[in-house]
Amino acid sequence: MTENHLLDQNLIPEHIAIIMDGNGRWARSKTLPRIAGHKQGVKAVRNITEICVELGVKYLTLYTFSEENWNRPQMEVSALMKLLVSSLRKEVQTLNKNNVRFSVIGDVYKMDTFVRNELNEAIKLTQNNDGLNLILALSYGGRQEIINAFKRLYSQISTSDEITEERFESQLYTSNIPDPDLLIRTGGEMRVSNFLLWQIAYTEFHITKTYWPAFRKDDLLLAIHDYQQRERRFGKISEQIQ
């Protein structure tokens, strides 16, 4: 068990990104329908968001619905969209009360109007909050983000010499968001699944076999404790960092 006091409060990651995997497998393990896993996953989102507020995390990005998830059975996609809307309606006032700023990254224009309207209402309500930034990656794909960013940048330049990392990053969905310090993947899979491909160049990874619906405070604290044991050199050697 990892308690808060065992963490170095000076090394709390500024930005945590989570690939919330395992909803379906959690449901199957309990002989429940897949949607039951997604509903339990919403409870985990609420719990982990509250803990991140307590810890002073500034950015929490959750891989909620990928570009590839559109290929799932239409019935499941429809159920997920309805769950997203109902969850937002239920939680947005609490987010606002807790000074959480809500935002979205991804190609949300692929989503139905009723979903976009609910997202926009939550964004508008919380836009002046300056606590935790809760970011949902919806209809999101890392490769698509990079291609779209290049297209936008290409329309603004005359020669390739004008292309810099800074200018390219300014065209990404995350242009005003620092890169993740820690990426957590639940469910035990060892891949990034097209998530924040540009942004995780120097991100520390923590993989847990725990399915997302069962992910609790101890799991998050363990991931942060693991992160705090790492030496982040960013290409330098240890002596330079020290």
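1. Helix α2 and helix α3 (residues 74–97) pack at an angle of about 25 degrees, with 11 Å between their axes. Axes here are lines fitted to C-alpha atoms, for helices over the stretch in contact, and angles run from 0 to 180 degrees between N-to-C directions. The two helices are therefore roughly parallel (angles under 35 degrees count as roughly parallel, over 145 as roughly antiparallel, 65 to 115 as roughly perpendicular and the rest as oblique). Their crossing is right-handed, that is, the near helix is turned clockwise from the far one by less than a right angle.

2. A word on the model before going further: it is predicted, with local features needing pLDDT of at least 70 and side-chain atom pairs counting only at pLDDT 80 or more, while totals for chains, interfaces and linings use all residues. Residues are numbered from 1 along each chain as its sequence is written, and side-chain values use heavy atoms, with hydrogens and water left out.

3. Back to the helix pair: on the α2 side, R34, I35, H38, K39, V42, R46 and T49 meet E76, A79, L80, L83, S87, K90, E91 and L95 of α3 (contact means heavy atoms within 4.5 Å). This contact divides into six nonpolar, three polar and six charged residues. Ala, Val, Leu, Ile, Met, Phe, Trp, Tyr, Cys and Pro count as nonpolar, Asp, Glu, Lys and Arg as charged, and the others, Gly among them, as polar.

4. Helix α2 (residues 34–55) also meets α7 (residues 217–228): their axes come within 10 Å and cross at roughly 50 degrees. That angle is why α2 and α7 are oblique to each other, and α2 passes α7 in a right-handed crossing. N47, I48, I51, C52, E54 and L55 in α2 touch K217, L220, L221 and I224 in α7. By class, there are seven nonpolar, one polar and two charged residues in the contact of α2 with α7.

5. Now the sheet. Six strands form an open, parallel sheet in the order β3-β4-β2-β1-β5-β6 (two strands pair if DSSP finds at least two bridges between them). At the edges, β3 (101–105) and β6 (204–207) each pair on one side only, and the twist averages 20 degrees from one strand to the next. Strand β5 (residues 182–185) pairs with β6 over four bridges in the parallel sense, and R185 stands opposite I207 in β6.

6. Overall, the chain has eight helices and six strands (DSSP runs numbered from the N terminus: helices are H or I, at least four residues, and strands E, at least two). Along the sequence they follow β-α-α-β-α-β-α-β-α-α-β-β-α-α.
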